[in-house]
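Me: I'd like a close look at one part of this model, and then a walk through whatever else you can tell me about it. Keep it friendly, please, as I'm still new to this.

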Amino acid sequence: MEIRASYVLVGVFTLMAVVGALAFILWTAGRGSGVDLVQYDINFTGHVSGLSVANDVLFNGVKVGSVKAITISPTDPGRVKVRVEMAANTPVREDSMASLEARGITGVTVVQISGGTATSPLLKPHSGEEVAVIPAQLSRLEALFAGLPAVVSDSRDLIQRIAGMADDENRRALAQTLQSLDVLTARLAARADAMDRIIGNLDVTTRRLANASAGLEGATGDMRDYLRTDLRESTRAVGDMARRMDGMVARAEPGVAKFSGEGLEDMRRLLAEARQLVGTLDRLAHKVESDPRRFLFGNPVPEYDAR
């Protein structure tokens, strides 16, 4: 009887443990990490090799979610719709872009989402959309592979052009050019001594120019020192002299003003009287010179005529 009771207790305990574990798993699956999640759709053009459900979704290199579903567009077989789920606080904006990037050498591909600009509004579902759609772009590797055909085509055209340029006429022209270069090189080698002298003269001229430049720089420094010291003192002396002359003019101004008023009138009258005096003296001198006797003794008495 006691052995049967122990089996019942063990069975009850085991059943409770299983139920508790299932409850914990269901709670964990339902609550996750406690972070609210939001889903987005991404429509990629071309293949999505290496991308699987549950692969990481990165936002600027930081894991923010995972891939939930991958389906081929029923209307366009060349497009693949990838539904991702990421943290609701991820700042996915309208100018954010999604791309595929391979990680390491394992061939695993992740969804990489760029940040967009801070001024762009957050991405919301448009009318008729179940979830918001993030625009897709080619990854750097895909862009490189996409550009390879054009590079190969351009390279082929370039090679064909080069091959077209290498005809007989161009080869002869190239041979003549090389021959001319050979002749020129030989002449330069023959004039090596002259070239050495020319180079030596250039070196001497360069050194002289350097010395002249140094002298000019020194003269400029002296001129700058003169402007800073002597010219400043000279300017101060000229200013002092100007102030003294201004004071002298100010002191003489009342006398000059008085002379320009009354003094000028007196001078004018003095000059008029002097001019009259000079005229009188001139007439007197003329009389003395023409007839001194008459000037000294006056008019003579007329003689009596006896007839």
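How close do the axes of helix α4 and α5 come, and at roughly what angle do they cross?

Reply: Keep in mind that this is a predicted model. The axes of helix α4 (residues 192-228) and α5 come within 3 Å, and they cross at roughly 30°. Angles under 35 degrees count as roughly parallel, so α4 is roughly parallel to α5. If you're wondering about those two numbers, packed helices are described by the angle between their axes and the distance between the axes.

Now zoom in on where the two helices touch. On the α4 side you'll find D225, Y226, L227 and R228, and these meet D230, L231 and R232 in α5. Sort the residues of this contact by class and you get 3 nonpolar, 4 charged and no polar ones.

Stay with α5 for a moment and follow it along. Helix α5 covers residues 230-290, which is 61 residues. A straight helix would reach 90 Å at 1.5 Å a residue, but the end C-alpha atoms of α5 are only 73 Å apart. Look at G263 too: a kink of about 45° in α5 is centred there.

Next, the strands. There's an open sheet of 7 strands with mixed pairing, and its order is β5-β6-β2-β3-β4-β1-β7. The edge strands are β5 (98-103) and β7 (132-134), each of which pairs on one side only. From one strand to the next, the twist averages 35°.

Then come β2 and β3. Strand β2 (residues 56-59) and strand β3 (residues 62-72) are antiparallel and share 4 bridges, and L58 stands opposite K63 in β3. The hairpin of β2 and β3 has 2 residues between the strands, and N60 takes a positive phi near 55° in this hairpin.

Moving on, β3 also makes a hairpin with β4, this one with 6 residues between the strands. Their pairing is antiparallel over 7 bridges. A handy pair to look for is A69 and its bridge partner in β4, R83.

Strand β1 (residues 37-45) and strand β4 (residues 79-87) run antiparallel, joined by 9 bridges.

Methods:
Residues numbered from 1 in each chain as written. Predicted model: local features only at pLDDT ≥ 70, side-chain atom pairs only at ≥ 80, totals over all residues. Heavy atoms only, no water. Pairing = 2+ DSSP bridges. Axes fitted to C-alpha atoms, helices over the stretch in contact; angles between N-to-C directions. Expected span 1.5 Å × (residues − 1). Bend = angle between axes of the 7 residues up to and from the residue. Parallel < 35°, antiparallel > 145°, perpendicular 65-115°, else oblique. Contact = heavy atoms within 4.5 Å. Nonpolar A, V, L, I, M, F, W, Y, C, P; charged D, E, K, R; others polar.
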